[in-house]
Structures are given as C-alpha cells and as structure tokens.
Amino acid sequence: MKKLLIIIIGILFTVSCSEDFINLDPPSNLNSAGFYKTQVDINQAVLSAYAGLRSIYNNTAYRLGEIRSDNTGWSWLPGNPAYQLQLDEFASPMLEDNGYVEDCWDDCYGVILRANIVIARAGEAEFTNENLRNQYIAEAKFIRALAYFWLNRVFGGTDLNNQLSGVVKVETEINPQEAYELGRASLEDCYDLIIEDLKFAEQNLPDSYHSADMGRVTKGGATGLLGKVYMTMAGYPLNKGNEYYNLAIEKFQNVINNPLFSLVPSYKDLFDVNN
C-alpha cells in the first residue's frame, strides 16, 4: 500500500511540474536574466567593456599595429617569433595557425559584444539619473567604434571580388549560431557605423570627470577619435580626399583649441603615472 501511494504521488508530481518549474536561475548567482536591471548594473557592464580593451592594447595593438609600423620590433616579445616575424614582414600568405591574427578578431568582437549589451539593455534599466543613461550608452558606443576601427584597419580592404569589404557588422546581441550566418559588410558601411557611434558619443559624453571616474572617455576623446577616422577615410583605400581631410582638421582643431587639453613638456612625461 505504501509503495502504491508513493508511485501515485510521484506520478502526480511529475505531471503537475512544468519545465519552467525546474529550470530556474539560482537567485544566489548573477546571470543575464536577473542582471542589467539598474543603473549600478549598467555601470558595471560599461566597466566590463572597458576591461575588454586590455586584451586589444596588451596584444593586438602592438603586434598588428606597432610591429607592422616598425615603431617596435618583434624579437624581444614573448610568444612565437615566427608568427611575429610574419607580421613584421607582411608575409603573404599568412600561416593559417597564426594565433595573433585570430586573437585580434576574437578580442575586438568580445569588446563589441560587451558594448552591444550595454546599448541594448540600458534603455530598459531603472536609472535615478537620466543623464547617466545616455552617458553609459555613449561610452559603449565609443568603445564599439574603437574596436571596429581596429578591425577595419586590420581586416578591411579589397576582397577577392575586387570590392572594398569591411568586417562583420554586429549592432545587437546575437548568439554564436547567428554570428556564423553573417557575412562581411562593405568597408564604407562599417565606417558609417563608426561615425554614427562617435557622433552620439561626442554629443552625450561629459567634458571631464571627477577623480573617481578618471580614465573614462570624454567628449574630447570622441572628437579626437572621430578626427582620426575621417583622416583614415580620406586616404587609402576609401580615398575620400580633401572633404574628409577637412572634416578631420575641424575635429582636431576642436581638441587643440580646447583649454582642457595641452601637450606635455616632454615625451617621457607621457609615461609618468603621476601626470
């Protein structure tokens, strides 16, 4: 009789329980379903996007930027000298297993993912300060633009169909399967997104921060990067010419004439942590 009762109770329990009942997010653990709800949550997400830039500037920036420009050499760097020599000499074709090229792609898109999360979730979160909502979105858009600027300069150019291709343009949160289905956008479309993001950042970022937030991007930072983007587009391979050089000059003059900025007396002062 007891066994029969246990079986009946078990059947009733199984039938009455839905899948949602047993697939719950543990309230003790942080997860995407329970996060991105408040101003504090979104701020942490923005800081996560900033943190992702370390992977770019501690790896991609000097290997695919400084080494190729001959601002620095490859022989003293840790890692695989053969891969770094390939970058230094613009080897063609590049070895398929050159991890530094893959790192550049992965690191930049990791940052873009974090920025897209902020841009998508900030609008629905609860804010006590509406100015901060736009600021956080502006910071995320600046960071996204910066990552795409790196990707365009490393991977963008003339493709096998003799078209100017950029990279995969991702503006929203997507899953890995959706990512595999995306193709490359045109180089100009990618730059259009960069310009759009930087214009939003320029309009919604503060001129400066209090000491607790020092290091976050300012309006002047967005203006300066926008000038660099215009200058890059003016030359090869888009060859936009004088119109874009003049746009760049206008942005650079805004920074130069801004009393908040000045040149340091000596080049070595750039590396002084006390400045």
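Begin by selecting lysine 240 and glutamate 188, whose side chains meet in a salt bridge with an N to O distance of 2.3 Å; keep in mind throughout the tour that this is a predicted model. The pair links distant parts of the chain, since lysine 240 sits in the loop between helix H9 (219–234) and helix H10 (242–256), while glutamate 188 belongs to helix H8 (residues 187–204), 52 residues apart. If you colour by accessibility, lysine 240 comes out as partly exposed at 25% relative accessibility, and glutamate 188 is likewise partly exposed, with a relative accessible area of 31%.

Next, select glutamate 173 together with arginine 121, which form a salt bridge whose closest N and O atoms are 2.8 Å apart. Glutamate 173 lies in the loop between strand E2 (164–165) and helix H7 (176–180), and arginine 121 lies in helix H5 (residues 99–121), so the pair ties together parts that are 52 residues apart in sequence. The relative accessible area of glutamate 173 is 31%, which makes this residue partly exposed, and arginine 121, with 24%, is partly exposed as well.

Move on to lysine 268 and aspartate 269, where the closest N and O atoms of the salt bridge are 3.7 Å apart. Are these two residues buried or exposed? Lysine 268 counts as exposed at 60% relative accessibility, whereas aspartate 269, at 16%, counts as buried because it falls under the 20% limit.

Then select Glu139, Asp213 and Arg216 at once, and you will have a network of linked salt bridges on display. A search of the whole structure finds nine salt bridges. As a general point, side chains of opposite charge can pair when their charged atoms come close.

For the last stop, select helix H6, residues 130–155. With 26 residues at 1.5 Å a residue, helix H6 should span 38 Å, and a distance drawn between its end C-alpha atoms gives 38 Å, which agrees with that expectation.

Terms used:
Residues numbered from 1 in each chain as written. Predicted model: local features only at pLDDT ≥ 70, side-chain atom pairs only at ≥ 80, totals over all residues. Heavy atoms only, no water. Helix = DSSP H or I, 4+ residues; strand = E, 2+ residues; numbered from the N terminus. Expected span 1.5 Å × (residues − 1). Salt bridge = Lys/Arg side-chain N within 4 Å of Asp/Glu carboxyl O. Buried < 20%, exposed > 50% of the residue type's maximum accessible area, 1.4 Å probe, protein only.
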